[in-house]
Amino acid sequence: MNEYADLLIIGAGPAGMAAALAAAPSAARIILLDDNPLPGGQIWRDGPQASLPDQARHMRERLEACSNIRRHSGTRVIACAGPKELLVEDADRGWLIGYDKLILCTGARELLLPFPGWTLPGVTGAGGLQALIKGGLPVHGERLVIAGSGPLLLASAATAKHNGAQVLRIAEQAATAAVTGFAAQLPRWPNKLLQSFRLFDRHYRSGTHVLAALGNERLEGVRLKQQGKILELACDRLACGFGLIPNTQLGQALGCALDDQALAVDAWQASSRADHYAAGECTGFGGSELALVEGAIAGHTAVGDLQAARQLWPRRARWQGFAKALNKAFALDPQLKSLAQADTLVCRCEDVPYAAVAGHTGWREAKLASRCGMGACQGRVCGGALQHLFGWQPSAPRPPFSPARIETLMCLDDTPPD
C-alpha cells in the first residue's frame with residue numbers, strides 16, 4: 001500500500017509536532033513519521049519511568065484531535081525512491097510515501113569521544129543513560145559519574161537521582177569562567193534560570209573531564225582530571241556525552257546543503273532544495289524552545305501561510321540568542337582530542353583502534369583501510385568522533401539508510417527510475 005501526503009514531516013520531536021500543528025489548519029494531508037512509539041523525540045521520550053511535561057501531553061492531545069494528521073510510529077526511512085518519494089518501513093511492512101512538501105525534523109544524537117575504557121559495560125552516553133532510565137532501567141542505589149559537556153549532564157543527573165541513583169560527580173569540561181558567564185546571562189531567559197535552579201547539584205564541577213574508565217570485565221571506577229588534578233572515583237555507571245551532532249544523513253541524501261555540520265536553512269526554514277524544509281536540532285542546537293518555534297515557522301511556510309511564519313521570527317531570534325550563548329560557553333576544549341590512546345577503540349562495531357585511523361588523511365581513506373564505520377551503526381558513532389578529532393566530513397549515506405527486510409526493498413521494483 002502506497003501513500004501520498006501534501007506535507008510529510010520526518011521526526012515527531014518538539015519541532016515535528018510543532019510543524020504538524022502549525023500546518024494542520026490548512027486542511028493539508030499531513031503525515032508525521034517517527035521511529036519512536038510515541039511523539040516527543042528524545043527530550044520528551046516516554047517510558048515506564050518517564051515524567052512528561054504538560055506541554056508535551058497537550059501537544060500530543062492536539063495532534064490526535066487533528067483529523068488531517070496521520071501519524072506513523074516505529075517507522076524509519078529506508079531509501080529515496082524518487083524525486084519526491086520515500087521508502088519507509090515499520091515493524092510489519094514496507095511501503096512508499098509520495099509528498100509535495102517535506103519538513104525534516106530529524107533531531108540530533110550524542111557526540112561520544114573515545115577514551116580508554118569507554119567500551120566497558122556500564123559506560124553509556126549521558127543522554128543514553130537518561131533514555132535507558134525512562135525506558136525502565138533500574139539504577140536505584142547505583143553510584144553514578146556523569147561527564148562531558150552541556151546542560152544535558154544536569155538533566156541526566158536529575159533523572160538518575162529521581163530514580164534512586166547516587167550521583168557522585170557531574171564533570172563539566174567547560175572552564176569555570178565560561179560556565180559562570182553563561183549562568184550570568186540566564187536572566188534573559190527566565191524559564192531557563194528557574195530550570196537551572198531546579199537542576200543544580202552540589203556535585204557539579206566545571207573544568208573537569210574524564211581521562212579513563214577503569215575496570216576489567218565491567219566498569220569499576222573512573223579517572224578524572226578536575227581543575228588540573230587527577231582523582232579516581234569508584235562507581236557503578238559512567239554516563240559521558242560531549243554535546244550533540246545534527247542528524248543530517250537523510251537531508252544529505254535528499255540533496256540538502258550543510259552549513260558547518262547542520263542542515264542549512266534560510267529565514268523560512270527552507271533548505272537548499274525546493275519544497276524541502278528543516279527545523280529543530282538537525283539545523284543546530286538551542287533546546288526545545290528553539291526547536292518548537294522553528295518547527296512552527298516551517299509548518300506555516302510549507303502550507304503557504306507566510307504571515308504567520310513571519311510573526312514568529314522575533315521569538316526565534318530570542319531563542320537563537322540563547323543557543324549562541326549556550327554553544328559558546330560549552331565549546332569543547334581542544335585537550336579532549338588527546339584522550340584516546342593508540343589502542344583505544346574508535347570504531348566499536350569493527351574493533352578499530354585509534355592507531356589504525358590516525359595516520360590517514362580523510363574519512364574515506366580510513367574507512368577503506370580499516371573498516372572503520374562499516375559496522376552495524378554505519379559510522380553514526382565513530383563518524384562523529386572522527387569528525388571532531390580530525391575534521392573529517394563523513395560522506396553522504398547510501399541506501400538503505402537502516403537495516404531493512406527484503407520485502408521492503410522489493411517495493412523499489414515498482415518505482416520508475418529516477
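Asn163 counts as buried because its relative accessibility is 17%, where buried means under 20% relative accessible area, exposed over 50% and partly exposed in between (1.4 Å probe, protein chains only). This is a predicted model, in which local features need pLDDT of at least 70 and side-chain atom pairs count only at pLDDT 80 or more, while totals for chains, interfaces and linings use all residues. Residues are numbered from 1 along each chain as its sequence is written, and side-chain values use heavy atoms, with hydrogens and water left out.

The loop that holds Asn163 lies between helix 4 (152–162) and strand 10 (166–172); helices (H or I, at least four residues) and strands (E, at least two) are DSSP runs, numbered from the N terminus. The side chain of Asn163 reaches back to the backbone oxygen of Thr159 at 2.9 Å. Thr159 is itself among the buried residues of helix 4, together with Leu153, Leu154, Ser156, Ala157 and Ala160. Helix 4 is followed by Gly164, whose phi is positive, near 90°.

Leu336, at 1% relative accessibility, also counts as buried. It is found in the loop between helix 10 (313–329) and strand 20 (345–347). Leu336 and His388 are 52 residues apart in sequence, with 9.7 Å from C-alpha to C-alpha.

The table lists contacts (heavy atoms within 4.5 Å), leaving aside neighbours within four places in sequence.

| Residue | Relative accessibility | Contacts |
|---|---|---|
| Asn163 | 17% | Gln49, Ile133, Val139, His140 |
| Leu336 | 1% | Leu113, Gln173, His209, Phe242 |

The domain assignment gives domain 1 (2–109 + 245–326), domain 2 (114–241) and domain 3 (340–390); such bounds come from an automatic or database assignment. The centres of domain 2 and domain 3, taken over C-alpha atoms, are separated by 25 Å. At their interface, five residues of domain 2 are in contact with nine residues of domain 3. About 560 Å² is buried between domain 2 and domain 3, and carbon and sulfur atoms give 76% of that area; buried area is the accessible area (1.4 Å probe) that two parts lose on being put together, summed over both. Pro114, Pro116 and Trp118 supply 80% of the area that domain 2 buries against domain 3, more than any other three residues.

Zero salt bridges are found across this interface of domain 2 and domain 3, a salt bridge being a side-chain nitrogen of Lys or Arg within 4 Å of a carboxyl oxygen of Asp or Glu.

Notes: Polar contact = N/O pair within 3.5 Å; in protein donor to acceptor, adjacent residues only side chain to side chain.
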